[in-house]
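Trainee: I've got a two-chain model open and I'd like to learn how to read it. Can we start with where the chains meet?

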Amino acid sequence: MEWLQQLINGISLGSIYALIALGYTMVYGIIKLINFAHGEVFMVGSFIGFISISVWGLGFFPALLLSMTACAIFGVLIERIAYKRLRNATRIAALITAIGVSLLIQNGVIYIRGAQPAAYPDVFANTSYNFFGAQISSQAILILSVSVALMLILQFIVHKTKIGKAMRAVSHDAEAAKLMGINVDNIISATFAIGSALAGAAGVIFGVYYTKIDPLMGVIPGVKAFVAAVLGGIGIIPGAMVGGLVLGVVETVVSALGFSLWRDAAAFIILILILIFRPAGIFGKNTREKV
Amino acid sequence: MSMLKVDNLNVYYGAIHALKGVSLEVNEGEVVTLIGANGAGKSTLLKTLSGLLKPKEGTIDYLGKSIAGSAAQSIVKAGISHVPEGRRVFANMTVEENIELGAFLRKDSQGIKQDFEKVYATFPRLLERRKQLSGTLSGGEQQMLAMGRAMMAKPRLLLLDEPSMGLAPLMVKTIFQVIKDINKEGTTILLVEQNANMALSIADRAYVIETGRVIISGTAEELQASEEVKLAYLGGH
């Protein structure tokens, strides 16, 4: 049952992409900015998890929560310091700023702790279960259940809570949302907080699963999560989840077929194809712009 | 006592001087209408009153307190709701969610529930469609939704921008009847309209705005009788 094994690997990888992609898509949905510093929030989250586990001796779940909280605050700080004053600037100015923030964080972390990688400590005894002939590690099961739980919580927040409804309102029409008495600045901060918390969770999960982390680890997963968000339809939350899973499975299948050197290329080929044939993404509607 | 007093208001849209020293007054319980051609500055005035635009000069006093330049949310909280031009409903959300958002700043869940029922009683069409995405509603239904949504904030002063725009004559009648009813129940109304006939028929007083200035003001009857207004805004009969 080789294919089942690969499918499970693909879904595990894909759920990490999906968690990161959610932050991209939520922020884009609300302020139309591709936050290229988002991959760095993922990296910082991974390091916070690393320190919590190996230095402070915390367990997986406390480390996860700590990392999510710290990243939420970090994300809001980035927004308040770097992006807020550019709210009425051209989109290219905000985009360039995002790339600058990304480089600043990468090099800031290297400055503080050096560029050498760190080995994530084992937080779980890794047992394998035999499932229809496929070996499934307890870690893969954990990753999947944590990711699914986080996505369900996100869906609940976005659709059932007051703040979630306000987020959807702001993303559709910020001016009309103001007329309801919604404080748009606070809602934008909340969006950054939630998206960054998910990236922090993805960072800890990534560390536990792939064991090696370093200050530049956010670059490739960050770009791939961006591809996943575009694939699903940027700005659309279920799109980011599906896009992440599809991308993870495609990459794993490409490796399994013996083209593991082409794995990264697969993601970018998908990006190019989607931009040519369906720029609005899987879930996006083709909207005509009124002139 | 005047509820809203605007004095010498100057507002710029970038480099464009959109309002040039506008002064007007709205008394508690009145229906006041602003009429004028496209681009005269009517919508700009409403947007400034609701905090979407900041005035460069001039004062806006509401219930004796200055609200010029205040944040939109504190103006909603003070009791002014604005139904914007083009309805601006949240098309990606259901009718029910839209109405709910109108009560965003309220905490009294019991009162919110009652007002929900009141909105549905006023607009039975919205009750039928409450689970539908509001983007799928007709223009008239969207206007009802935008008004119902605004009423959820329990405003003392309701700003209405072109409620009749693009609606069939029968629907315009329905909407204007509702405006009259809302006013009868104690909400003061400032109504912007291009349909001057219709607006003057329900208004107590009116202002005519031309290129950012108030050029005529008076009671609705006076304006309906004025030759100048008849010629320019009432179709010349």
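Mentor: The size of an interface is often given as the accessible area lost when the parts come together. Here about 1,900 Å² is buried between chain B and chain A, with carbon and sulfur atoms giving 60% of that. Buried area is the accessible area (1.4 Å probe) that two parts lose on being put together, summed over both. B:Leu52, B:Phe90 and B:Phe104 supply 30% of what chain B buries against chain A, more than any other three residues.

Mentor: Some housekeeping. This is a predicted model, where local features need pLDDT of at least 70 and side-chain atom pairs count only at pLDDT 80 or more, while totals for chains, interfaces and linings use all residues. Residues are numbered from 1 along each chain as its sequence is written, chains are lettered from A and ligands numbered from 1 in the order in which they are written, and side-chain values use heavy atoms, with hydrogens and water left out.

Trainee: How many residues of chain B are in contact with chain A?

Mentor: 23 residues of chain B, and they touch 17 residues of chain A; contact means heavy atoms within 4.5 Å.

Trainee: And how many salt bridges are there between chain B and chain A?

Mentor: A salt bridge is a side-chain nitrogen of Lys or Arg within 4 Å of a carboxyl oxygen of Asp or Glu. The count here is five. One pairs B:Arg88 with A:Asp173, with the closest N and O atoms 2.6 Å apart. As for elements, α2 (72–78) and α3 (95–102) of chain B each give two or more residues to the side that touches chain A. The largest share, four residues, comes from α3(B). Helices (H or I, at least four residues) and strands (E, at least two) are DSSP runs, numbered from the N terminus.

Trainee: Is α3(B) mostly covered or mostly open?

Mentor: Mostly covered: six of its eight residues are buried, where buried means under 20% relative accessible area, exposed over 50%, partly exposed in between (1.4 Å probe, protein chains only). Among them are B:Val95, B:Ile99 and B:Leu101. The cover includes α5 (138–160) and α6 (162–172) of chain A, plus α4 (109–122), α5 (124–128) and α6 (139–151) of chain B.

Trainee: Why is strand β3 of chain B called largely enclosed?

Mentor: Because five of the five residues of β3(B), residues 31–35, are buried. B:Val31, B:Thr33 and B:Ile35 cover one side, with B:Val32 and B:Leu34 on the other. Five bridges join β3(B) to β8(B) (residues 188–193), running parallel, and B:Leu34 stands opposite B:Val192 there.

Technical notes. Two strands pair if DSSP finds at least two bridges between them.
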